[in-house]
Amino acid sequence: MLMMRRVMLLTVVMWCMSSSSRSMATRVGFYDRSCPPAESIVKATVRAHTQADITIPAALLRLHFHDCFVRGCDGSVLIDGPNAEKVASANQGLRGFEVIDEAKAKIEAMCPGIVSCADILALAAQSAVELSNGPSWRVPLGRLDGTISSAFDVSNMPSPTDPIIVIKEKFDEKGLSEEDLVLLTGAHTIGQTDCGFFEYRLYNFQETGEADPSMSTQAQTELRNLCPVNGDGSNRVALDRGSPTTFDTSFFKNVNGGFAVLESDQSLMSDSSTALYVRRYGGKKNGGIIGGIIGGILGGGSPSFGPAFARSMVKMSNIDVKVDDNDDNGEIRRVCSRVN
Ligand code: HEM
């Protein structure tokens, strides 16, 4: 049994080290020699901020997604500037920048010029999931920071009003499968949204004078109470009804039951293949990484949400990473909000 566990653990580690959608060059333990405390500093910083504000993990997870989908996971979303990615409308409401800045300052004080902001953000997203009772995994590291950040590039971000076919295309362009799409959207098991992103579904959807029919009648009632018709759209509503700070499978159960808040989340049920994955992962317990794999192998069924989410996160975290020292577009930023 012990031997079997070791073999499976080794398989997971090897998979994490090699898996990527675009790059084979990041690796687990990249800073083990050059800056040994880097990973623990990020974890401790995220933990401290989470203790002060329970909504921080969701903010960091979203920040990493928005970084990776624009110019790859290169920390470009962190850069300040009048035309930087940050100012694009799709990036309004992004939070958690101060957590990354603090971790970076602490790491720079110990190992200057070694650890990229892009890696710190990837590590922070992992810690965010773990601190929300989600899965734990080692993040392959070694990203360089980008030097370009343009609001114009943000236009390809998936939007909550995109049809499912467009969302599938946008994920496919990043090397992410339909299963990855469903799993990664499962990040909405934590966090909140402004009413402004979905209240068009509540009162006069597509000029019908009714609510979006894909929303259950109970969800309509609940969400109308949270987002009154004469409100200013700024009320915050949990994306995962019932457990917005716990990383669990209830988000998928909610989507399956017509309780998704965002139209894009509900639209996962309107496509037969994505709906299959919503049902599959909604039916399983969260589970640890080993538990999920054992369940997958011994039980003959699919692995549970936690480990599968971790695998998709490793793929997303490797989108178009810059790893070559000769890459003119890459550097180790001294301060995450500006290029050197
Ligand atoms: C179809 C793709 C997606 C769309 C259209 C989408 C859209 C949105 C929107 C509109 C919000 C609310 C923002 C706000 O009001 O502050 C949100 C929040 C969030 N998103 Fe997504 N998202 C998508 C995929 C993802 C992915 C892949 C991840 C991470 C892996 C993610 C993580 C989050 C998290 C954690 C929040 C909560 C943020 C907070 O509480 O501050 N999303 N998303």
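**Exercise 1. The Cys35–Cys111 disulfide**

Find the hand of the disulfide between Cys35 and Cys111 in this predicted model, and say which parts of the chain the pair ties together.

Solution. 
- Start with the bond. Cys35 and Cys111 are joined by a disulfide, with an S to S distance of 1.9 Å.
- Take the torsion next. About the S-S bond of Cys35 and Cys111 it is about 55°, so this disulfide is right-handed.
- Now place the two ends. Cys35 sits in the loop between α1 (2–18) and α2, and Cys111 in the loop between α4 and α5, so the pair ties together parts 76 residues apart in sequence.
- Finish with the total. The structure holds four disulfides.

**Exercise 2. Helix α2 against helix α5**

Describe how α2 and α5 pack, and sort the residues of their contact by class.

Solution. 
- Two packed helices are described by an angle and a distance, both taken between their axes.
- Helix α2 covers residues 38–52 and helix α5 covers residues 117–131; their angle is about 50° and their axes are 9 Å apart.
- The two helices, α2 and α5, are therefore oblique to each other.
- The crossing of α2 and α5 is right-handed.
- On the α2 side, the contact uses Glu39, Val42, Lys43, Val46, Arg47 and Thr50. On the α5 side, the residues include Ile120, Leu123, Gln126 and Glu130.
- By class, the contact of α2 with α5 has seven nonpolar, three polar and four charged residues.

**Exercise 3. Helix α2 against helix α4**

Solution. 
- The crossing of α2 and α4 is right-handed.
- The contact of α2 with α4 divides into eight nonpolar, two polar and three charged residues.

**Exercise 4. Helix α3 against helix α4**

How are α3 and α4 oriented to each other?

Solution. 
- Helix α3 runs over residues 56–68. The axes of α3 and α4 come within 9 Å and cross at roughly 85°.
- Helices α3 and α4 are therefore roughly perpendicular to each other.
- Ile56, Leu60 and Leu63 in α3 meet Phe97, Glu98, Val99 and Ile100 in α4.
- This contact of α3 with α4 has six nonpolar residues, no polar ones and one charged.

**Exercise 5. The iron atom**

Which residue is the protein donor of the iron atom of the ligand, and where does that residue lie?

Solution. 
- The only protein donor of the iron atom is His188, through NE2, at 2.1 Å.
- His188 lies in the loop between α7 (178–185) and β2 (192–194).

Terms used. Residues are numbered from 1 along each chain as its sequence is written. This is a predicted model: local features need pLDDT of at least 70, side-chain atom pairs count only at pLDDT 80 or more; totals for chains, interfaces and linings use all residues. Side-chain values use heavy atoms; hydrogens and water are left out. Donors are N, O and S atoms within 2.8 Å of the metal (3.2 Å for Na, K and Ca); water is not among the atoms, so sites may look incomplete. Helices (H or I, at least four residues) and strands (E, at least two) are DSSP runs, numbered from the N terminus. Axes are lines fitted to C-alpha atoms, for helices over the stretch in contact, and angles run from 0 to 180 degrees between N-to-C directions. Angles under 35 degrees count as roughly parallel, over 145 as roughly antiparallel, 65 to 115 as roughly perpendicular and the rest as oblique. A crossing is left-handed if the near helix is turned anticlockwise from the far one by less than a right angle, and right-handed if clockwise. Contact means heavy atoms within 4.5 Å. Ala, Val, Leu, Ile, Met, Phe, Trp, Tyr, Cys and Pro count as nonpolar, Asp, Glu, Lys and Arg as charged, and the others, Gly among them, as polar. A disulfide is a pair of cysteine sulfur atoms within 2.5 Å.
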